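Thank you all for coming.

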Amino acid sequence: SPKARRMAEDAGLDLSVLVKDGLPQPFHAAEIAEAIARSGTRQSPSMMLQIGAQVPGNACDAFLQRMRDEAGVELSHGNLVLAFAARALRHAIGAETLTLSLETVDGARLAFVNPDQMRLSAMTAKESDAPADLTLLDLRDGYLTGVCVDPSGGATLVMTRTGDTLHLTLTYRPDHLTTDQSILMMRDLTERLAEPMMALV
């Protein structure tokens with residue numbers, strides 16, 4: 001059952017081991033609880049988990065070009081992804097206030113409070129080393145396709161690009177986000193990036 005699967009994920013229990021042990025399927029929550037109690041398995045809060053996604057970058061490119069041509073507004077990919085990520089994270093966890101930081105390959109770090117509630121053309125930030133709910137690490141300049149980082153303060157979203165494809169990797173700890181919340185956030189974010197004009201409606 002979905003509840004049993006979530007229980008197993010949260011406890012770090014490998015369901016394939018239960019299959020090999022002959023536990024009849026489908027697994028139910030009570031059976032998973034019993035297996036967890038027997039094994040003593042618990043997911044460490046320090047464990048790092050990842051979710052990756054790929055999104056065609058041409059929709060964002062076209063949107064940013066349209067903003068330049070029609071409105072004379074210069075927007076960055078980083079700010080656009082940051083605003084969409086904040087909205088997706090807010091939807092996933094139901095937070096009232098969110099702090100997100102944007103880091104680039106040159107080491108610059110800017111903090112934004114509720115960037116999804118700002119106008120894209122007037123997003124304001126300040127330099128800060130304080131922990132953020134989500135850090136966007138923009139590594140599009142260069143040849144990297146993925147980086148595993150330690151999300152010590154909160155979750156980290158790494159953005160890279162090859163050709164027309166944006167690669168997004170969310171790294172998080174179970175004490176910051178659940179797997180369900182992370183999946184919901186990444187689905188929401190990638191849908192917004194795939195159709196940015198619709199996401200602003």
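This is a predicted model: local features need pLDDT of at least 70, side-chain atom pairs count only at pLDDT 80 or more; totals for chains, interfaces and linings use all residues.

Let me begin with glutamate 70, which forms a salt bridge with arginine 66, their closest N and O atoms lying 3.2 Å apart; by salt bridge I mean a side-chain nitrogen of Lys or Arg within 4 Å of a carboxyl oxygen of Asp or Glu. Residues are numbered from 1 along each chain as its sequence is written, and side-chain values use heavy atoms, with hydrogens and water left out.

Because glutamate 70 and arginine 66 are 4 residues apart in helix H4, about one helical turn separates them (helices are DSSP runs of H or I with at least four residues, strands are runs of E with at least two, and both are numbered from the N terminus). Glutamate 70 is exposed at 61% relative accessibility, whereas arginine 66, at 40%, is partly exposed; here buried means under 20% relative accessible area, exposed over 50%, and partly exposed in between, with a 1.4 Å probe and protein chains only.

The next salt bridge joins the side chains of aspartate 61 and arginine 161, at 2.6 Å from N to O. This pair links distant parts of the chain, since aspartate 61 sits in helix H4 (residues 58–71) and arginine 161 in strand S6 (residues 155–162), 100 residues apart. Arginine 161 is buried at 15%, while aspartate 61 is partly exposed at 26%.
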